[in-house]
Amino acid sequence: PLAVLIGSLALALPAHAVDTVFDFESGDVGTWLAATTGGSGSTGVEDHNGSLMAFVKHNGSGTHSLSHDFAYAAGDFVSFDMHAVAVLGSYTQALSGVTLSFLTAFNTSLGTVSLYNTTNPAGLGVHQYAIDNVQHNYSDSMANWAALAGISDGTPIAKIGLSFKTYAETYSIYPSYATVWFDNV
């Protein structure tokens with residue numbers, strides 16, 4: 001009958017990846033994982049530039065981040081709105097932004113690419129790029145992000161990890177501060 005035919009056609013059609021969008025309108029960070037090493041960090045959701053956005057803030061010496069992993073598909077897009085701010089204290093440094101990590105099925109790192117607003121652009125490493133402190137939308141295919149990380153086509157990437165991160169230092173009474181807001185991931 002027709003119902004059996006429709007059911008078999010549905011099984012024959014290719015499965016489409018479900019778009020995962022984190023817009024943080026619920027007011028919480030949900031399944032994102034927070035991590036802090038040193039200093040004082042905070043995460044949450046707040047109104048920023050007219051929208052509810054997740055945030056990571058840090059002061060004192062150390063780092064703070066919110067991270068989430070996604071399955072890798074070369075043609076799928078990674079897109080997010082981000083506003084990263086780093087404020088320099090005397091004799092100190094700060095940075096904020098995002099790191100995209102490319103991992104095997106066994107969580108072995110194949111490479112990373114980072115976009116950071118930083119008080120010391122000369123201190124950025126390979127595959128780390130300086131950005132301004134204005135909110136932008138960043139969007140590209142997973143394959144193009146991997147190429148920015150120096151990963152060649154055909155490398156067996158199983159997943160991509162996004163880590164929105166802040167780093168700040170304190171020297172004596174001269175603290176630095178870092179904040180990153182992100183949305184529509």
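**Burial, sheet pairing and a pocket in a predicted model**

With a relative accessibility of 11%, S65 counts as buried (under 20% relative accessible area; exposed is over 50% and partly exposed lies in between, with a 1.4 Å probe and protein chains only). The model is predicted, and local features need pLDDT of at least 70, side-chain atom pairs count only at pLDDT 80 or more, and totals for chains, interfaces and linings use all residues. Residues are numbered from 1 along each chain as its sequence is written, and side-chain values use heavy atoms, with hydrogens and water left out.

S65 sits in strand β4, which covers residues 62–71. Strands (E, at least two residues) and helices (H or I, at least four) are DSSP runs numbered from the N terminus. Beyond its neighbours within four places in sequence, S65 is in contact (heavy atoms within 4.5 Å) with L33, A34, A35, T43, V56, S163, F164 and K165. In the chain as a whole, there are two helices and 13 strands, and buried residues make up 39% of the 185 residues. Of the contacts with a separation of 6 or more, 68% are between residues 24 or more positions apart.

Strand β4 also contributes to the second largest pocket, as do β6 (94–103) and β10 (159–168), each with at least two lining residues. A pocket is here an open set of points on a 1 Å grid over the protein atoms alone, where a 1.4 Å probe fits, with protein on both sides within 12 Å along at least five of seven lines; lining residues have an atom within 4 Å of a point. The volume of this second largest pocket is about 170 Å³, taken as the space filled by probe spheres set on the points, with grid points joined across faces, edges and corners. Its lining consists of L33, S67, H68, D69, T99, S101, G161, L162, S163 and K165. The largest share, four residues, comes from β10. By class, two lining residues are nonpolar, six polar and two charged (nonpolar: Ala, Val, Leu, Ile, Met, Phe, Trp, Tyr, Cys and Pro; charged: Asp, Glu, Lys and Arg; polar: the others, Gly among them).

The lining residue S101 has T112 of β7 as its bridge partner. Strands β6 and β7 pair in the antiparallel sense over nine bridges, where pairing requires at least two DSSP bridges between two strands. Five residues separate the two strands of this hairpin, and N107 takes a positive phi near 65 degrees. Strand β7 (residues 109–118) has seven of its ten residues buried, so this strand is largely enclosed by the rest of the structure. With strand β8 (residues 128–130), β7 pairs in the parallel sense over three bridges, and L115 is partnered there by Y129.

L52 and D183 are 131 residues apart in sequence and 7.7 Å apart in space, C-alpha to C-alpha. Leaving out residues up to four places away in sequence, L52 touches D23, F24, E25, V45, E46, D47 and D183.
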